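Please read them with the structure open.

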Amino acid sequence: MNGIFSAVFTLAGLGLCFGILLAWASKKFYVEADPRVEKITGLLPGINCGACGQAGCASLAEAIIADKADMNACPACSSENRLAIAEVLGLSTEGIEPRLALVAVIGCGGGSRCANKFVYQGLADCRVAVSAMGGHKECPEACIEQGTCVQVCPVQAIGRQPEGNFKVNTKKCIGCKKCAAVCPRKIIMMIERGKDVYINCHSHDKGFLVMKKCSVGCIACGKCVKACPEQAITLARNLAVIDYSKCTNCKQCVEVCPTKAIALI
């Protein structure tokens, strides 16, 4: 019985000693947190997507204060919040130009409407799939359809459509560009938020070749060029191109496109 009491008292004594030691250490080695970290973290999106190169928003805030990262490093941070971050840092807001808000669009509407060369049954990764004879699609510019962009999107803004192609929900998109970075075809474009139309094709083949491979590809017919009242559309290497600085969202190009290669966002 005495042995049990002895063990209990010994453990209690050790616990008390360790508690005192920890309390002393917490005061001795306490580092006061910079209040600016919390303020800047609150001005960042808070999704911890890593597009800035840091582990998360709090890490970016610390890096900005330590002058190890630029205050513009976050691609999803609004112009208003960038100005607020500058004020927290005590910097002048003069000369800080508004950032153009961008959203991603996937420039391929093929899916099941684009012919296959073979049936791909490998790893569900576009970068791996494209290494298999250049991908399983007849069109060399077509989406590989393995959903790597979906996997890297931090806000689940990309989804597969009934036709098999993928589309970005621009209301959710934060413009982090992670999907564009991983796309091996480089068919994911960043365009100005607020624009309503985009070219849903990347093929540079001539029209008759496009139609053999995909029913919704751009055939470079030029109808959109003629219909655009602002001359915002041109043809380059058999593909329609939109100059968004001229586009007024009239949507006349969408109405006249015979293959629906110009799509609504």
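1. Is arginine 237 buried or exposed? Arginine 237 is exposed, with a relative accessible area of 62%, where buried means under 20% relative accessible area, exposed means over 50%, and partly exposed lies in between, with a 1.4 Å probe and protein chains only. The residue sits in the loop between β6 and β7 (239-242), and its phi is positive, about 55 degrees, although it is not a glycine.

2. On the basis of the coordinates: this is a predicted model, in which local features need pLDDT of at least 70 and side-chain atom pairs count only at pLDDT 80 or more, while totals for chains, interfaces and linings use all residues. Residues are numbered from 1 along each chain as its sequence is written, and side-chain values use heavy atoms, with hydrogens and water left out.

3. On the overall form: the protein chain has a radius of gyration of 27 Å, whereas a compact globule of 265 residues would have one near 18 Å; the radius is taken over C-alpha atoms, and the globule rule is 2.2 Å times the number of residues to the power 0.38. The C-alpha trace spans about 95 × 55 × 25 Å along its principal axes. The secondary structure comes to 10 helices and 8 strands, these being DSSP runs numbered from the N terminus, with helices (H or I) of at least four residues and strands (E) of at least two.

4. Among contacts (heavy atoms within 4.5 Å) between residues at least 6 apart in sequence, 57% join residues at least 24 apart.

5. On helix α2 (35-43): its buried residues are Val37, Ile40 and Leu43. They cover an arc of only 130 degrees around the axis, which puts them on the same side of α2; the arc is that of the directions from the helix axis to the C-beta atoms. The face turned away from this buried side carries the exposed residues Pro35, Glu38, Lys39 and Gly42, while the buried residues of α2 pack against α3 and α4.

6. On helix α3 (residues 57-65): Cys57, Leu60, Ala61, Ala63 and Ile64 are its buried residues. These cover an arc of only 165 degrees around the axis, and they therefore lie on the same side of α3. Their cover includes α2, and the helix is followed by aspartate 67, whose phi is positive, near 60 degrees.

7. Just after α4, glycine 90 takes a positive phi of about 80 degrees. Cysteine 77, in the loop between α3 and α4, is buried, with a relative accessible area of 4%. Leaving aside residues up to four places away in sequence, cysteine 77 touches Leu43, Leu44, Pro45, Arg82, Ile85 and Arg99.

8. On cysteine 224: which residues does cysteine 224 touch, not counting residues up to four places away in sequence? They are Ile233, Ala240, Cys253, Val256 and Ile262. Cysteine 224 lies in helix α9 (residues 223-227) and is buried, with a relative accessible area of 7%. Its C-alpha atom is separated by 37 Å from that of alanine 73, which is 151 residues apart from it along the chain.

9. On two further loop positions: asparagine 200, in the loop between β5 (197-199) and α8 (207-213), is buried, with a relative accessible area of 10%. With residues up to four places away in sequence not counted, asparagine 200 touches Ile106, Gly107, Cys108, Gly109, Ala261 and Ala263. Glutamine 231, in the loop between α9 and β6 (233-236), is exposed, with a relative accessible area of 54%, and its phi is near 50 degrees, a positive value in a residue other than glycine.
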